[in-house]
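Please look over the sequence and the structure first.

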Amino acid sequence: MNRSIKFKLKSGKEVTIRRLKPDDYDAFAKFNKDFAKGPSAKMNFEYPGAPIESKEQLVKAWTNQNNLYIAAFDGNKVVGYAQIRKLMVGHPFSARNAITGTSILEKYTSNGLGTKFKTIIEKWARENNVHKLEAETFQKNMRSIGNLLKNGYEIVGVSHDVAFIDGEYYHQYNLEKILEQ
């Protein structure tokens, strides 16, 4: 993804989607703090006060040619982001797989942004010779599961008791989408 995209949410609000760059670190850190305060944070192993990676670590990931990190901006505010990272690049056993992830502030969910992120991620994956997309989500994250299934992923496994949140064990669904047959 080399250019920014204007995207109109179902609510009518317009956001700009583009690659994250080094100057976005402060806005991204603020997004993480805001996201951690919302109800979806539990579904992403986030919590208030959770450490985020250093600027150097994030910039390295954002600028790595084997990754794509994009964000939706409402003005200068990050309101959601998505990522895809190739796995085992250069390893002789690599199956050309990549793992994906998405986080969106509660106010901006259910407005088409998750699907738009999935479309951009898949386009990048196809252009970068990825064979299979992988995703993980808790079994209680119905919004994420619904979005992934709607976008062609299938549940291929369950990891039991992955987290203990609010006195309850959470299972994790493992999902994938094969891009070439």
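## A buried asparagine

Asn141 counts as buried, because its relative accessibility is 13% and the cut-off for buried is under 20%. The model is predicted. Asn141 lies in the loop between strand 6 (132-138) and helix 4 (142-150). Its side chain is joined to that of Thr137 by a polar contact of 3.3 Å.

## Aromatic pairs

How many aromatic pairs does a search of the whole structure find? The search returns seven. One of them is Phe28 with Trp62. Two values describe a pair of aromatic rings: the distance of the centres and the angle of the planes. For Phe28 and Trp62 these are 5.4 Å and 85°. The pair is edge-to-face, because 85° is over the 60 degrees that this class requires.

The pair links distant parts of the chain. Phe28 belongs to helix 1 (residues 25-37), and Trp62 to helix 2 (residues 55-63). They are 34 residues apart. Phe28 counts as buried because its relative accessibility is 3%. Trp62 counts as buried too, at 2%.

## Charges over rings

Arg18 places its charged end over the ring of Phe73, 4.1 Å from the ring centre. For Lys140, the charged end sits over the ring of Tyr170. Here the distance to the ring centre is 5.2 Å.

Terms used:
Residues numbered from 1 in each chain as written. Predicted model: local features only at pLDDT ≥ 70, side-chain atom pairs only at ≥ 80, totals over all residues. Heavy atoms only, no water. Phe/Tyr/Trp six-rings, centres within 6.5 Å; stacked < 30°, edge-to-face > 60°. Helix = DSSP H or I, 4+ residues; strand = E, 2+ residues; numbered from the N terminus. Buried < 20%, exposed > 50% of the residue type's maximum accessible area, 1.4 Å probe, protein only. Lys NZ or Arg CZ within 6 Å of the ring centre and 35° of its normal. Polar contact = N/O pair within 3.5 Å; in protein donor to acceptor, adjacent residues only side chain to side chain.
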